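Subject: Handing over the structure, with notes

Hello,

I am passing this structure on to you, and I would be glad if you read the notes below with the chain open beside them.

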Amino acid sequence: MKKGFKKRNLIVGVTLATVLAGSTSVMAAEHKYYTVGRQQNGSVVLPTDQVITPAGQQAEFPGRPAAVAVSPDGKTAAYNVDGLGYGDTPGYDPIVTVDLTTGKVKQKFTLTTNQHAGSYTGIIYSKDGSHLYVSYSENQIADFNVASDGTLSLNDVITLPGTPVPGALALSPDGKTLYVALSRNNALGVIDLTNHQLVKQIPVGNAPYGVVIDGSKAYVSNEGGRTAKPGDYTNDSSGTPIVSNPKTGAASTGTVSVVDLSTQAVTANMEVGLQPTAMYKSGQYLFVANTNNDTVSVIDTQTQQVIKTITIQPYPNAPFGSQPNAITMMPGNRLVVSLGSNNALAVYDWQGPREAVRFEGLIPTGWFPGGVALDPQYNRLVVANIKGVGSLDSQNFIGPSGPDGRTGYATYDFLGSTSLIPYPSEKNMIQYTAEVVHDNGWDKEKANDATSSHGNVEAQPIPLHIGDPSTIKHVFYIIKENRTYDQQFGDMPQGNGDPSLTIFGQKVTPNQHALAEQFPLFDNFYGSGSISADGHQWTDQALAPDYVEREFGSYFPRSYPSTGGDSLAYLSSGFIWDDAVKHGKTVRNYGEYVSNYNGPQNEFGTWQDWYKDSQILEGKQSGNLHVPIGTFQTSSDIPSNDALLDRDFPPFDLPIPDQYRADIFLKDFQQYVKNKNLPNLMIMSLPDDHTAGTSPGYPTPEAMVADNDLALGRMVDAISHSPYWKDSAIFVVEDDSQNGVDHVDGHRMPALVISPYAKRQTVDHTYYTQVDVVRTIEQILGLPPMNQMDAAATPMRDAFTDKPDFTPYNVVANQIPLNQMNPSPTAIPSTSAGVVQKAWATTAKQMFKGTPQDEDHPNEALLNRDIWYSAKGFNTPYPGDKKVLLPSGPLYSTTDTDN
């Protein structure tokens with residue numbers, strides 16, 4: 001038994017010592033130097049400080065399967081598969097079926113309409129198995145005919161008015177009416193299956209998710225809780241005012257509506273936990289998964305009362321973070337709850353409300369299970385693993401690249417999976433629980449528990465215990481946008497890079513190269529998310545909400561919460577700034593998780609206007625600012641964040657150069673130095689390495705990345721030459737790495753740790769993730785972890801030393817002109833390469849219409865190629881493409897061309 005295990009007992013009868021005994025042979029090996037992806041022992045290392053060793057038989061297929069249904073004859077499982085609904089990831093079929101006899105993929109199906117992704121949930125067979133109904137991401141329900149062998153053929157597509165984002169489906173007992181949760185309409189939709197028409201929308205609560213029919217009643221779980229009343233504090237979610245916490249802005253109620261189907265009206269609204277999602281009825285009891293506070297509510301449908309609340313804790317005293325999101329019941333009243341964030345199923349013995357609910361253990365699944373059903377023919381659990389095995393889709397990976405034939409990956413090479421798991425025995429449960437415990441890192445030897453040693457402890461850079469003193473008093477947390485390791489550091493020979501994939505190398509990013517040479521170079525660091533919508537959740541909350549993980553097909557109809565703006569995207573465990581303020585630390589936020597930059601839009605101006613302003617602020621040009629500082633002011637819909645903002649610092653807004661952001665920060669920083677009151681934690685968005693592609697009116701991608709690099713270099717220079725350098729640390733990460741490819745894994749990204757206490761001139765091959773950065777910041781500042789993910793993360797001690805080197809950093813001048821602008825399509829010569837460049841410039845202009853505050857609305861498949869061609873030349877094929885491509889259909893696809 002390792003140190004630290006003595007106090008950890010699994011709930012009710014399964015002790016951790018029992019779980020560990022005799023089972024280490026099946027555990028995943030320690031992975032300090034592992035790279036993300038498949039391992040020789042069959043496990044998969046994830047970019048989240050987790051490993052998966054799924055039980056049972058696995059079948060993998062492209063996309064993100066969010067829900068599963070088993071046919072009445074028990075021969076076929078069907079999956080509702082989302083991806084990225086605006087069509088930038090070809091090959092993701094919204095419907096996939098698996099033959100339960102063989103455990104292999106049977107059929108993949110894509111509608112002929114312009115629909116690219118399944119919904120966040122919603123798939124059901126008719127009682128006789130002759131039809132399959134599936135929700136699609138925006139406004140469609142597909143009706144499939146099911147042949148005797150389980151094969152699907154499209155019968156009809158039911159198009160709903162507007163963009164209601166349909167979710168869960170349920171059928172009337174006679175099979176003539178289909179009920180659908182209409183998430184954006186806050187209604188239960190009623191579809192007449194005789195004519196395939198939506199005939200009624202019954203108002204329920206906010207953001208309805210699940211639907212269960214019980215005779216003449218329908219039960220609807222409202223993820224956004226009850227309808228707001230006068231005097232309620234509310235926050236927006238896709239146009240609906242959500243009753244919210246006045247501090248965090250997160251939804252603060254959850255309800256289940258009871259609908260009388262004969263009168264088509266709500267007769268009751270029952271309060272349950274936060275963000276109720278999946279429901280399952282067994283006998284007279286309705287089980288409701290409350291995803292945002294780790295509970296399951298039990299409703300007695302005879303009395304219409306909540307009679308019990310089951311607390312989900314995968315280990316004793318576990319903080320929030322399991323995110324229960326699907327429910328079923330095995331024979332013998334064994335309740336099964338899918339725990340998305342734990343990559344596991346929890347099993348409970350349910351013997352009615354008068355008996356204690358006994359925890360039986362955990363079953364390992366694929367990455368982020370989101371749907372579970374029974375296979376009674378083979379006595380198995382059928383699990384839909386939303387993230388499957390990660391970004392390992394062999395149909396979509398990039399490569400080969402370079403003479404050695406190495407391949408590259410992108411973050412949205414989603415490879416989902418299903419796990420077919422035989423009903424477990426008691427012996428199975430002991431072994432399975434041990435695997436889940438180990439795979440999540442809950443059995444790590446933790447001297448960094450959330451308790452202080454309470455003694456005379458000498459200060460260290462990364463304290464051994466939370467609350468022990470640190471030599472570091474001030475942390476700068478800088479979040480940039482969307483680059484992979486190979487794109488930026490692939491040309492550094494001392495690291496594990498592929499220079500053939502490098503487009504923003506030393507010439508473009510001289511400061512980041514210099515910093516990576518002077519301080520640690522991390523060549524095994526990963527972003528935990530895939531795109532900005534979930535990436536900023538990981539950087540700011542150390543966990544992405546189930547709500548966000550499921551919305552990949554519905555982001556733009558519902559929301560894209562990379563900068564906030566959606567109360568359902570906020571976890572009950574809070575943000576890193578909440579943690580800091582709660583524990584007595586001072587915080588300042590420079591543009592991170594901020595969606596509003598308010599001011600007179602007719603005075604906003606162009607990139608050139610803001611660039612000239614930066615030159616004036618730096619004394620390089622004379623004249624007046626095009627708008628005085630203070631004309632535009634930031635605000636956040638999260639009150640706790642709003643109170644911490646430097647309102648002059650722009651959030652994500654590509655027409656504003658990062659030089660201007662650096663000017664605003666340095667002005668603020670100089671005052672802190674003068675007043676000797678520098679905050680403990682400073683969080684910053686430094687976004688322009690995202691680039692605007694070749695869109696006219698913007699600098700070239702190389703110039704925008706060079707601007708970003710110089711801004712970072714200037715700020716590090718100022719900090720390191722200040723009195724605060726002696727006790728400061730600067731952490732620099734990308735929010736995600738989606739706008740490029742990497743030969744190791746699409747999630748691998750550049751990261752920097754800059755401090756007198758950071759090791760100098762070293763290459764650190766340790767497996768690190770964004771969650772480790774959050775945990776390291778917490779450890780330095782004496783903050784307890786926010787949730788299970790950062791609680792299990794490992795502080796980055798290997799990157800630090802007890803012997804400081806106070807040598808300051810000197811900024812390196814840019815080698816790319818920052819005002820090197822993209823040409824207008826009309827100015828591009830009509831040469832062979834010019835024709836290609838003109839086509840891409842025209843498409844980029846359409847992708848970046850107006851003020852692009854929405855980080856990733858542009859089609860990423862197009863943007864990534866546009867950036868590549870701009871840097872490498874419009875006659876150099878993108879990695880994995882046989883030739884240069886022309887964009888076709890500016891928002892949807894690429895088409896091969898001979899140009």
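What follows goes through some helix pairs, then two further helices, and then a few single residues.

Please keep in mind that this is a predicted model, in which local features need pLDDT of at least 70, side-chain atom pairs count only at pLDDT 80 or more, and totals for chains, interfaces and linings use all residues. Residues are numbered from 1 along each chain as its sequence is written, and side-chain values use heavy atoms, with hydrogens and water left out.

Helix pairs

A word on terms comes before the pairs. Helices (H or I, at least four residues) and strands (E, at least two) are DSSP runs, numbered from the N terminus, while axes are lines fitted to C-alpha atoms, for helices over the stretch in contact, with angles that run from 0 to 180 degrees between N-to-C directions.

The axes of helix α11 (residues 658-675) and helix α12 (residues 701-720) come within 8 Å of one another and cross at roughly 15°. That angle makes α11 roughly parallel to α12, where angles under 35 degrees count as roughly parallel, over 145 as roughly antiparallel, 65 to 115 as roughly perpendicular and the rest as oblique. The crossing of α11 and α12 is right-handed; a crossing is called left-handed if the near helix is turned anticlockwise from the far one by less than a right angle, and right-handed if clockwise. On the α11 side the contact (heavy atoms within 4.5 Å) is made by residues including Phe665, Leu666 and Phe669, and on the α12 side Leu710, Met715 and Ile719 are among them. By class, this contact of α11 with α12 has nine nonpolar, two polar and four charged residues, where Ala, Val, Leu, Ile, Met, Phe, Trp, Tyr, Cys and Pro count as nonpolar, Asp, Glu, Lys and Arg as charged, and the others, Gly among them, as polar.

Helix α11 also meets helix α9 (residues 607-617), for their axes come within 8 Å and cross at roughly 40°, and this crossing is left-handed. Here Trp610, Asp613, Ser614 and Leu617 in α9 meet Gln659, Tyr660 and Asp663 in α11, which gives a contact of three nonpolar, two polar and two charged residues.

In another pair, the axes of helix α5 (residues 532-541) and helix α13 (residues 770-781) come within 8 Å and cross at roughly 25°, an angle that makes α5 roughly parallel to α13. Gly535, Trp538 and Thr539 in α5 meet Gln770, Val771 and Val774 in α13, and the residues of this contact divide into three nonpolar, three polar and no charged.

Two further helices

Does the length of helix α2 agree or disagree with what its residues should span? At 1.5 Å a residue, the 14 residues of α2 (residues 426-439) should span 20 Å, and its end C-alpha atoms are 20 Å apart, which agrees; the expected span is 1.5 Å times one less than the number of residues. Among the buried residues of α2 are Met429, Tyr432 and Val436, where buried means under 20% relative accessible area, exposed over 50%, and partly exposed in between (1.4 Å probe, protein chains only). Just after α2, Gly441 takes a positive phi of about 75°.

Helix α4 (residues 510-518) is mostly covered, since seven of its nine residues are buried. What covers those buried residues includes β36 (474-480), α3 (485-489), β37 (521-522), α12 and β44 (752-754).

Single residues

Asn206 is found in the loop between β16 (197-203) and β17 (208-214), and Asn206 is buried, with a relative accessible area of 4%. Leaving aside neighbours within four places in sequence, Asn206 is in contact with residues including Asn186, Arg226 and Ile242.

Arg550 has its place in helix α6 (residues 546-550) and counts as buried at 1% relative accessibility. Among its contacts, again leaving aside neighbours within four places in sequence, are Ala66, Asp82 and Tyr120.

Asp49 lies in the loop between β2 (44-45) and β3 (51-52), has a phi near 70°, a positive value in a residue other than glycine, and is buried, with a relative accessible area of 7%. Gln264, in the loop between β21 (255-260) and β22 (265-271), has a positive phi near 55° and counts as partly exposed at 30% relative accessibility.

Best wishes
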